[in-house]
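Dear colleague,

Please find the structure below, followed by an account of what was found in it. I would be grateful if you would read the text with the structure open beside you.

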Amino acid sequence: MAAAAEAPAVVEETELVYGGIATRAVALAVDSVIVWVALLILGAVFYAIGALFGGIHLGPVGKFIVGSAAIIFAGLYFVVAWTTAGRTVGQRAMGLRVIDRRGDPPRFFTAVIRTAMLGLCIVTCFIGFIPVLFDRRRRGVPDMIAMTTVLYVPEEAADTPSA
Amino acid sequence: MATSPDPVDVALGAAAIGLRVGVAAGLAVGDAGRSATRIWIALPGVNAVATRTASRGRDARVQAGETAEEVVRRVAASGAIERVVGQVLDGLDMERIVDDVLAHPAVQRFVDALLKSPAFERLLYDVLDSEFLLQVTNRVLESPEMQAAIERIASSPELRRAIADQSSGMAREFVGGVRRTSATLDDVAEQKVRGWLRRPKPQPS
């Protein structure tokens, strides 16, 4: 067990270590907190601006638009993070990196598909992540559809001062 | 059996006796001269001469005092005193002198005895428990100088850098701990599920 803690989850190739379900869950939790805090700040700013003009009163359509904007904002966070750095802030903290079939960070379209599948998995009570527990490359449904994998890169995480 | 005295001691004793006799004789001569002068100036006709002589003596004393003051003033104005004092201080190795004094066995013995002394210990406790010390401490802490010093220390880049380094080190340690724990959980969860599904973990190629 101690050895497993030191060198986790070597699956197939000796050099590639795939990110497991617990590590990915922690990274997703960190990213969720970041997105929620950003949305709260944005909401507070818009509320303060609206208060200058007599307050914001949203109807059903307005609420739908605001909700959609929040979902798009959250999705953009993941898409931008994966296409630019290959990792979100939470994945950076946990030493994870997302790569596509070529071993590069996902391209825009791939990142959009992966984000959409991630959202779908979250909505369906994370069922789409169950394959991570037994897939030989620890892939979930979003990885399988977007043809990406999540690697564990601890030495890069060690260089990171903080998340 | 009597031993013969040391010639050096004899010579020194003779010199000391001679010195004492000389001093006593000088004092006696001085007293005699003063008494003779008193008798002399009391004689008829001599008093006027003595008065004029005394007047000149007073003038000479005043003039001597003024001359002495002028000399001191000129010496002080010339900066000679500062130069001499500066040269003396430059010539002294104060650090070595202080080291020598502190390293002297007598000082060491004194300090040891002081530290072992119950009276000194009681004195220290009395001072520490005293209201006076509390008031002095409060006054020092509330003084503007202390506040300025605290503000200066608190805003110093070195202290901020040290705090930032410590904070980032703690954050890095925390993240490292979470990462190790989650990696262990990865393996445990995977092994459990693979055990249920009877799918062994692939061996590294």
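**Findings in the two chains**

Chain B contains nine helices and zero strands. Its pattern along the sequence is accordingly α-α-α-α-α-α-α-α-α. Please bear in mind throughout that this is a predicted model. Of the 205 residues in chain B, 4% count as buried.

Chain A is made up of seven helices and two strands. From the N terminus, the order of its elements is α-α-α-α-β-α-α-β-α. Chain A has 163 residues, of which 33% are buried. If one takes the contacts in chain A between residues at least 6 apart in sequence, 66% of them join residues at least 24 apart.

**Helix 5 of chain A**

Helix 5 of chain A covers residues 108–123; at 1.5 Å a residue its 16 residues should span 22 Å, and the distance of 23 Å between its end C-alpha atoms agrees with this. The buried residues in this helix are Thr110(A), Ala111(A), Arg114(A), Thr115(A) and Leu118(A). Viewed down the helix axis, they fall within an arc of 130 degrees, and so they line one face of helix 5. The elements covering these buried residues include helix 3 (60–84) and helix 6 (141–146) of chain A. Phe109(A) and Val123(A), on the other side of helix 5, are exposed.

**Loops and backbone angles in chain A**

Most residues other than glycine have a negative phi. Because Arg138(A) has 25 C-beta neighbours inside 10 Å, it counts as buried. Met147(A), which is not a glycine either, has a positive phi of about 55 degrees. It is located in the loop between helix 6 and strand 2 (149–152) of chain A. With 14 other C-beta atoms within 10 Å, Met147(A) is partly exposed.

Beyond its neighbours within four places in sequence, Leu58(A) is in contact with Lys63(A) and Val66(A).

**A packing between the chains**

Two packed helices are described by the angle between their axes and the distance between the axes. For helix 2 (residues 21–52) of chain A and helix 9 (residues 157–197) of chain B, the angle is about 135 degrees and the axes are 6 Å apart. These two helices are therefore oblique to each other. On the side of chain A, the contact is made by Ile21(A), Ala22(A), Thr23(A) and Val26(A) of helix 2. Helix 9 of chain B contributes Val178(B), Ser182(B), Ala183(B), Leu185(B), Asp186(B) and Ala189(B). By class, this contact has seven nonpolar, two polar and one charged residues.

With kind regards

Terms used:
Residues numbered from 1 in each chain as written. Chains lettered and ligands numbered in written order. Predicted model: local features only at pLDDT ≥ 70, side-chain atom pairs only at ≥ 80, totals over all residues. Helix = DSSP H or I, 4+ residues; strand = E, 2+ residues; numbered from the N terminus. Buried ≥ 20, exposed ≤ 12 C-beta atoms within 10 Å, placed from the backbone. Contact = placed C-beta atoms within 7 Å. Expected span 1.5 Å × (residues − 1). Arc of directions from axis to C-beta. Axes fitted to C-alpha atoms, helices over the stretch in contact; angles between N-to-C directions. Parallel < 35°, antiparallel > 145°, perpendicular 65-115°, else oblique. Nonpolar A, V, L, I, M, F, W, Y, C, P; charged D, E, K, R; others polar.
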